[in-house]
Amino acid sequence: MSRGRLTLKDITVAAPRPLPVLLLLDVSGSMAEDGKLAALNTAVRDMLHAFAQEQAGGAEIHVAVLAFSGREARVHVPLKPARDVRFEALEAKGHTPLGSALALTTRILDNRDLVPGRAYRPTVVLVSDGVPTDEWEAPLAALLASPRASKAVRLALAVGEDADLEVLTHFAGADHVRRAAEARQLRRFFRFVTMSVTARSRSATPDQVVTLPDLGADDGFDDLDL
């Protein structure tokens with residue numbers, strides 16, 4: 001501040017920078033089995049509620065929900081501040097077009113109108129219980145080759161024994177993939193991700209990567225309660 005006089009810069013409060021979170025959610029027909037879809041809807045709703053309670057400081061959490069089933073992925077919730085999201089429950093049907101979801105993710109992250117250059121490093125969370133039913137290698141390669149999309153923090157959750165762990169590992173890397181054998185574990189995974197993102201939003205360095213802890217081999221989620 002200049003001595004004896006205020007300037008516009010001295011009294012202007014900087015707008016918070018977006019911290020984008022993209023949820024890529026498999027809602028193929030098999031997700032309707034064993035309570036998986038109900039658990040997913042509850043987990044997403046709880047996450048959004050927690051994000052909406054966060055007071056924007058230097059970072060403001062923005063969320064998009066991308067659902068994939070049938071022949072292609074679709075935007076279920078467009079990217080917007082978490083406090084503005086009105087979430088409607090997802091429905092399960094059809095196949096598992098993961099490639100379409102990956103291509104849509106890259107388009108969103110590469111769009112500077114949606115994710116401005118001042119945004120913090122995005123987080124992309126992929127949840128799936130099955131095997132991709134479309135071509136996914138090229139869309140994943142395009143995402144990993146994108147200067148912007150490739151910098152996102154990528155996490156993946158395999159739900160049930162039929163999930164393609166190898167594909168999810170290609171997406172997120174072995175250290176960032178976890179498996180949920182039961183629906184309740186899906187909700188615990190989302191609670192962990194919620195804590196990780198909110199910790200980043202409060203941090204002085206929101207771009208810092210959050211490393212998943214060792215979730216153990218028993219029920220796999222005992223150490224999520226940080």
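Student: A crossing is left-handed if the near helix is turned anticlockwise from the far one by less than a right angle, and right-handed if clockwise. So which way does H2 pass H6 here?

Tutor: H2 crosses H6 in the right-handed sense. On the H2 side the contact (heavy atoms within 4.5 Å) involves Lys36, Ala39, Leu40, Thr42, Ala43, Val44, Asp46, Met47, Ala50 and Phe51, and H6 answers with Ala183, Leu186, Arg187, Phe190, Val193, Thr194, Val197 and Thr198. Bear in mind that this is a predicted model, where local features need pLDDT of at least 70, side-chain atom pairs count only at pLDDT 80 or more, and totals for chains, interfaces and linings use all residues. Numbering starts from 1 along each chain as its sequence is written, and side-chain values use heavy atoms, without hydrogens and water.

Student: Fine. How do you number helices and strands?

Tutor: They are DSSP runs counted from the N terminus: H or I of at least four residues for helices, E of at least two for strands.

Student: Let's zoom in on S2. Buried or exposed?

Tutor: Strand S2, residues 59-69, has 11 of its 11 residues buried (under 20% relative accessible area; exposed is over 50%, partly exposed in between, with a 1.4 Å probe and protein chains only). Both faces are covered: Ala59, Ile61, Val63, Val65, Ala67 and Ser69 are on one side, with Glu60, His62, Ala64, Leu66 and Phe68 on the other.

Student: How many bridges join S1 to S2?

Tutor: There are 10, and S1 (residues 17-26) runs parallel to S2. Leu24, for instance, has Leu66 as its bridge partner in S2.

Student: Which residue has a positive phi although it is not a glycine?

Tutor: Asp34, at about 60°. Asp34 belongs to the loop between S1 and H2.

Student: Why does Asp34 count as exposed?

Tutor: Because its relative accessibility is 71%.

How values were computed
Pairing = 2+ DSSP bridges.
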